[in-house]
Amino acid sequence: MEGTGNPNGQRPTRIVSFLRGEAGLLAFLTVTGLVYNIGMTAGPYFEGQLAQCLADILGGTRGAADMARIAGLYVAVIAIVQGSRAGKRFFVRRFANHVNRRMRAALYHALVHQDEARVRAEGTGALMTKAVTDVDATTEGIRKFTTELFDTGVVMVAYLVMLAWYDVQLAACSCVFLPLAYFWAARLKRRVARASAAARESEGALAAATMDRIGHEALYRTSGVEAGRNALYETQLASYEAASIRSGVLENAMQPLYRIVSLLGVLPIFWLGGSYVMQGTWDIAVFTTFFSCFLKFAVKSSHAAKLFNAVQKAQVSWRRIRPLLESRQEEVMRQVSLAPVTIEARNLSAERGGKTLFSGLSFSLRPGEILAVTGPVACGKSTLGKVLAGLVPYGGCLMVDGQELSSMEAGELRGLVTRMGHAPELLHATLAENVALGGNVDVLPFLQKAELGQDIESGALSLETEIFAVGRPLSGGQQARVAFARTLAHAGAVVVLDDPFASVDVETERRMFEHLRAWQGRRSIVLISSRLQKFSECDHVLFLADGKGTFGLHEEVLMQCSEYRTLYEAQTAHEL
């Protein structure tokens, strides 16, 4: 299907699908990360050399020039290492930002396609927490893992090799306490996960309570229950604070304890290393290098223990948002295989506010056809469009390829029928984002079909033009055309267009209709309009009036319905 599908075969239900598009950044990150972290071993080496040079100067065997030479070389090496560090930090932050953007787009695309019943059941506050906080927590876990893979993993291996190079036995003795820190972190893993999950749930409940408090402020105040609702809100706030503090303590407050355990390895260094110096096996340079290297190694190992907790927190958030992405994945896979359908209506009826709008409607619509629907004000045209989209109940029979429309699942029907309503329903986002709705869509061809291509070429608009929810800075006609482009970009097998040309001039309407016909293919289109100029070019016409409908070819409806003939001739008189 044009404009939809699963790009590059990626599955947004797997984290790796969000990483594949950042191969270039990962390559730069790997190079700078290796240079920086392997270069970190230069610090202990030069510190040992400087300490030995100072001892030699005090002994009268070396001079200040030797100290200056070592210090100058040390500064040059550290400059290269820190330059690589800056590059690594830049690339890892950019990598994390790109992953965050991809994940937000995928989740947003999932949220806008959720069943209305599921949204109501889960609650707006919980969905907001997932869309914002859980995505941030997941990508932060990815960032920390990527960072610590180099800053902890690579550098720890480099430090360990350096320690073993000087003395394998002392290296083993000094590192014996490190597994205890890891074991401790692993034991806390489940508690961290439970606390993090509880904090997330409490945050979602607090967000829902906040929206409820704001949205119903006047109601609570005029009903005299404001004090009680405030007390309930304070209770929810206190619950969130307690859950958040517990999660934060388990995640962060244990860090100093991990470090203390890791640093117990200095005891054998002072004991054995000191004896090596006393025996003349080591000089001051070696002892200083070994001691400094171990201190840095121990500090890094405590970071690794903390990393376990951060990754666990990210896993909790990922488990919360993954079901939403899975539901979107199923939708995408089903849309890719969507086939043209035939619609048959028999004795169709619908009500609004207890009043029957129409009844006894019978019509058919086959793949590749356009059904033009019109009639006087309040005759039920828009309601018919909503019936076809599964948005309002109906009576009678409405079959889609032999299956009753009312028996279809909400997700199945949503992918089948795409509807453009009266209101453009624009988002506070860029022009491109308003058309793409978070999907992998090349929006420019659809904007051209909506006759907005010239506005973009002239510079009056761009894909990055920010549009506010009220439609500014677009004119009414431009807003309608953006909605038209969005509908085509996400079209199912059946497309319902409710007055798409109401805000454009006749010439623009003509070109948009030509684009629609050329693009249509095997899709079925229901064109609801009060402008009848293009009805003669449609395959069928349905005229609604007085609760009844007249269906047939354009010429047939002209002959059978004098009201339709009068309207059509009045609008096209200048063309005759």
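Student: What makes the charged end of K449 count as sitting over the ring of F446?

Tutor: In this predicted model, the charged end of K449 is 5.4 Å from the centre of the F446 ring; the cut-off is within 6 Å of the ring centre and within 35 degrees of the ring normal, and the pair is listed as sitting charge over ring.

Student: Why is the pair of F46 and Y74 called stacked?

Tutor: The ring centres of F46 and Y74 lie 5.2 Å apart, and their planes meet at 15°; because pairing requires centres within 6.5 Å and stacking requires planes under 30 degrees apart, the pair is stacked. F46 belongs to helix α3 and Y74 to helix α4, so the pair ties together parts that are 28 residues apart in sequence.

Student: What makes F291 partly exposed?

Tutor: The relative accessible area of F291 is 21%, and buried would require under 20% whereas exposed would require over 50%, so F291 is partly exposed. F270, with 48%, is also partly exposed.

Student: How do you know that α20 is largely enclosed by the rest of the structure?

Tutor: Of the 14 residues of α20, 13 are buried, so this helix is largely enclosed.

Conventions
Residues are numbered from 1 along each chain as its sequence is written. This is a predicted model: local features need pLDDT of at least 70, side-chain atom pairs count only at pLDDT 80 or more; totals for chains, interfaces and linings use all residues. Side-chain values use heavy atoms; hydrogens and water are left out. Buried means under 20% relative accessible area, exposed over 50%, partly exposed in between (1.4 Å probe, protein chains only). Helices (H or I, at least four residues) and strands (E, at least two) are DSSP runs, numbered from the N terminus. Rings of Phe, Tyr and Trp (its six-membered ring) pair if their centres lie within 6.5 Å; planes under 30 degrees apart count as stacked, over 60 as edge-to-face and the rest as tilted.
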